[in-house]
Amino acid sequence: MHEPLAEAFMTTAMHLFEGEQERIEAINVKDQDICDVNRMALEAIRRLDDGSGVLVLTDILGGTPSNCCHQLSVEHRVQVIAGVSLPMLLRAITYRKNDLETVIEKALSGGKNGAVRIDPC
């Protein structure tokens, strides 16, 4: 995600889950060359992938993080969801031990169901 969102989302998730979680990383993208972003993402994917694939959550469709990860998804077992929200991230973490398709489904439902209007009483 664009800096400082990745680290902020990670810090919040670790607070809510009370500590470090396995197989989760955050990459803050600054004003960097796309080659640097690709390298950082590829290194993270290699560290995280245990053979079951990697889910990447990015902040906005069409931004450097999502474009970079979309390119990597062609060559690796990587799925990308753009438009991350905290409920989406928390669902992905909660269900991360399931198969990748289930994690994607749960993350997307967290994003959809996590945005609600609160009417005044």
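Which residues is serine 52 in contact with, leaving aside its neighbours within four places in sequence? I looked this up and found Arg23, Arg77 and Leu100, where contact means heavy atoms within 4.5 Å.

**Ground rules.** I note that this is a predicted model, in which local features need pLDDT of at least 70 and side-chain atom pairs count only at pLDDT 80 or more, while totals for chains, interfaces and linings use all residues. Residues are numbered from 1 along each chain as its sequence is written, and side-chain values use heavy atoms, with hydrogens and water left out.

**Serine 52.** I placed serine 52 in the loop between H2 and strand S1 (54-58). Helices (H or I, at least four residues) and strands (E, at least two) are DSSP runs, numbered from the N terminus. Serine 52 is partly exposed, with a relative accessible area of 33%. I use buried for under 20% relative accessible area, exposed for over 50%, and partly exposed for in between (1.4 Å probe, protein chains only). I also checked serine 52 against leucine 16: they are 36 residues apart in sequence and 25 Å apart in space, C-alpha to C-alpha.

**Arginine 23.** This contact of serine 52 lies in the loop between H1 and helix H2 (34-48). I read a positive phi of about 55 degrees for arginine 23, although it is not a glycine. Arginine 23 has 40% relative accessibility and counts as partly exposed.

**Proline 4.** I found a cis peptide bond between glutamate 3 and proline 4, with omega about 5 degrees. Proline 4 sits in the segment before helix H1 (5-16). For background on these two entries, most residues other than glycine have a negative phi, and most peptide bonds are trans.

**Overall fold.** I listed five helices and two strands in the protein. Along the sequence they follow the pattern α-α-β-α-β-α-α. The radius of gyration is 14 Å, close to the 14 Å that the globule rule gives for 121 residues, so the protein is as compact as a globular protein of that length. That radius is taken over C-alpha atoms, and the rule is 2.2 Å times the number of residues to the power 0.38. The C-alpha trace spans about 50 × 30 × 25 Å along its principal axes.

I looked at contacts with a separation of 6 or more, and residues 24 or more positions apart account for 63% of them. Of the 121 residues, 35% count as buried. The accessible surface comes to about 7600 Å², and carbon and sulfur atoms hold 52% of that; the areas come from the Shrake-Rupley method with a 1.4 Å probe, and for residues only the protein chains shown count as cover.

**Cysteines.** How many disulfides does the structure hold? I found zero, taking a disulfide as a pair of cysteine sulfur atoms within 2.5 Å. Cysteine 35 is in no disulfide, and the nearest cysteine sulfur, that of cysteine 68, is 9.4 Å away. For cysteine 69, the closest cysteine sulfur is in cysteine 68 at 4.7 Å, too far for a bond. Cysteine 69 is buried, with a relative accessible area of 8%.

**Glutamine 71.** I located glutamine 71 in helix H3 (residues 64-75). Is glutamine 71 buried or partly exposed? Its relative accessible area is 45%, so I put glutamine 71 down as partly exposed. Glutamine 71 and histidine 2 are 69 residues apart in sequence and 17 Å apart in space, C-alpha to C-alpha.
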